[in-house]
Amino acid sequence: MELDRSLQVDFRHRVRFTQDALHPDNPTLASLCSDDVWRRMIVFIDGGVHHAHPDLTERLANYLGARAKLGELVPELKMVEVVSGGEEAKNSNDVCEQVMAAADRYGIDRKSFILAIGGGAMLDAVGLGATLSHRGVRLIRMPTTTLAMDDAAMGVKNGINKFGKKNFCGTFAVPWGVIADEQFLTTLTDQQFFSGFSEAVKIGCLKDPSLFELIERDASKIVTRDLCTAMPIIKRSAQLHLDHITQGGDAFELHEARPLDFGHWSAHKLESMSNYEISHGDAVSIGIALDCEYAVRTGLLSQSNCTRIIACLRALRLPTWHPLLANTDQLLRGLEEFREHLGGRMNVTLLRTIGNATEVHQMDHEIVSASASALAP
Ligand SMILES: NC(=O)c1ccc[n+]([C@@H]2O[C@H](COP(=O)([O-])OP(=O)(O)OC[C@H]3O[C@@H](n4cnc5c(N)ncnc54)[C@H](O)[C@@H]3O)[C@@H](O)[C@H]2O)c1
Ligand SMILES: [Zn+2]
């Protein structure tokens with residue numbers, strides 16, 4: 001007997017941008033987790049966020065208390081735990097295990113909530129723990145970096161690094177909700193703040209020339225950390241990522257082309273080659289610059305567009321070169337690791353022009369090396 005069936009599962013991806021999410025008058029969080037039945041909630045806070053916002057636990061408890069007094073059926077807060085932030089959260093199983101242990105200890109069922117407040121790395125690790133517990137507990141992400149708001153929190157992926165490989169271990173799962181509160185961005189260092197804009201440049205180059213032009217025009221204001229300028233760009237980038245994931249027809253990456261990974265083959269390798277000293281956002285900036293130089297040398301992209309993109313990245317105070325680029329042999333091993341992670345034929349997204357990308361299936365080692373040299377200061 002042969003039985004083949006298709007099946008579809010309907011998910012809802014709920015994204016909210018707001019200000020002062022834990023002010024008792026702000027309905028956003030309560031409306032995402034109030035339900036007709038009593039539930040529980042456990043909360044994980046990124047260590048870096050906790051350091052910068054030590055009163056978060058108290059504010060959260062007050063918030064849920066105040067909303068309950070208004071008659072909303074908000075979940076019972078069972079626990080708040082601070083976990084490692086940054087790539088450290090993904091470089092061992094620890095954070096993921098902490099989440100599963102807490103889900104077990106506090107009787108968190110599939111209809112209960114795990115709230116994760118932090119940067120993209122910590123969201124990935126806590127998300128993995130949430131999706132493994134009972135095969136998936138409702139996860140609410142509260143992204144606290146520019147990169148987590150304009151890209152990572154929109155994703156339907158969770159993961160940790162293993163065997164020296166980025167995101168080797170992970171799952172696809174749609175979060176229950178995402179709440180981005182711009183106040184968190186005020187406590188980032190300059191470099192953490194700037195690094196998230198590489199993903200906005202990436203999505204602008206791929207899908208929306210007007211976004212790219214806006215970033216190009218406003219880069220000098222973004223680097224003053226003017227949130228009135230930065231937030232519309234972060235929101236537009238988030239929306240484009242969300243639209244691609246939800247409307248692109250390939251949320252769980254079963255097909256060949258994965259345009260959101262533009263600039264990422266070398267970025268992921270540079271991150272692991274540097275022992276994760278290069279941040280993801282910075283590595284993506286270098287990866288975009290490298291692939292633009294490569295596209296010029298293979299006749300795809302005009303020199304003038306390449307120059308504009310690299311100038312835009314530099315105006316955002318993002319790096320476009322690193323000494324590790326000179327280690328071309330090791331860097332190029334990243335290509336095969338990238339292919340292995342995605343499966344099937346090698347697929348690297350390159351630009352034809354700003355707003356129009358294509359896929360190539362091989363890369364010439366000498367041209368990669370020449371492209372890297374061209375970026376050196
Ligand atoms: N799941 C996805 O679809 C997806 C997409 C893009 C990127 N990512 C992942 O996201 C990660 C990068 O995330 P990131 O750029 O947010 O950096 P990050 O999570 O590594 O955080 C950087 C640093 O900022 C600190 N921090 C976070 N918020 C803070 C705040 N408000 N104030 C002070 N300090 C704060 C953290 O503790 C950490 O030290 C990478 O691991 C990348 O692979 C995932
Ligand atoms: Zn990325």
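In which loop is phenylalanine 163 found? Phenylalanine 163 is found in the loop between β6 (157–162) and β7 (165–172), where strands (E, at least two residues) and helices (H or I, at least four) are DSSP runs numbered from the N terminus. The structure is a predicted model in which local features need pLDDT of at least 70 and side-chain atom pairs count only at pLDDT 80 or more, whereas totals for chains, interfaces and linings use all residues. Residues are numbered from 1 along each chain as its sequence is written, chains are lettered from A and ligands numbered from 1 in the order in which they are written, and side-chain values use heavy atoms, with hydrogens and water left out.

Phenylalanine 163 is not a glycine, yet has a positive phi of about 55°. At 61% relative accessibility this residue counts as exposed; the classes are buried (under 20% relative accessible area), exposed (over 50%) and partly exposed (in between), computed with a 1.4 Å probe on protein chains only. A positive phi of about 55° is likewise found at asparagine 275, again not a glycine. Asparagine 275 lies in the loop between α11 and α12 and is exposed, at 65% relative accessibility. Most residues other than glycine have a negative phi.

The zinc ion (ligand 2) is coordinated by Glu199 (OE), His264 (NE2) and His280 (NE2) at 2.0 to 2.1 Å. Donors are taken as N, O and S atoms within 2.8 Å of the metal (3.2 Å for Na, K and Ca); water is not among the atoms, so sites may look incomplete. Along the sequence, the donor residues follow the spacing E-x64-H-x15-H. Histidine 264 belongs to helix α11 (residues 264–273) and histidine 280 to helix α12 (residues 280–297), so the pair ties together parts that are 16 residues apart in sequence. Both histidines are buried, histidine 264 with a relative accessible area of 4% and histidine 280 with 17%.

Helix α12 also holds alanine 283, which is buried at 0% relative accessibility. Not counting residues up to four places away in sequence, alanine 283 touches Ala267, Glu271 and Ile278, contact meaning heavy atoms within 4.5 Å. The C-alpha atoms of alanine 283 and asparagine 356 are separated by 22 Å, the two residues being 73 residues apart along the chain.

Leaving aside neighbours within four places in sequence, the contacts of lysine 202 are Asp151, His241, Leu260, Phe262, His264 and Ile288; among them, His264 is a zinc donor. Serine 237, in helix α10 (residues 227–247), is buried at 0% relative accessibility. With neighbours within four places again left aside, serine 237 is in contact with Asp150, Glu199, Ala200, Ile203 and Leu211.

Ligand 1 is surrounded by 25 residues, of which the closest are Asp46, Gly120, Thr144, Thr145 and Thr187; a residue belongs to these surroundings if one of its heavy atoms lies within 4 Å of the molecule. By class, the shell has 7 nonpolar, 11 polar and 7 charged residues, where Ala, Val, Leu, Ile, Met, Phe, Trp, Tyr, Cys and Pro count as nonpolar, Asp, Glu, Lys and Arg as charged, and the others, Gly among them, as polar.

A polar side-chain atom of threonine 144 lies 2.7 Å from a nitrogen atom of ligand 1. An N or O atom in the side chain of glutamine 192 is 3.2 Å from an oxygen atom of the ligand, and a backbone N or O atom of glycine 48 lies 3.4 Å from a ligand oxygen atom. Taken alone, ligand 1 exposes 870 Å², 87% of which the protein buries, with areas from the Shrake-Rupley method and a 1.4 Å probe. Two or more residues of the shell come from each of α2 (47–52), α5 (120–132) and α6 (146–150), and α5 gives the most, with 3 residues.

Glycine 48 is found in helix α2 and is partly exposed, with a relative accessible area of 46%. Glycine 48 and leucine 290 are 242 residues apart along the chain, and their C-alpha atoms are separated by 31 Å.

Conventions
A polar contact is a pair of N or O atoms within 3.5 Å; within protein, one must be able to donate a hydrogen and the other to accept it, and residues adjacent in sequence count only if both atoms are side-chain atoms.
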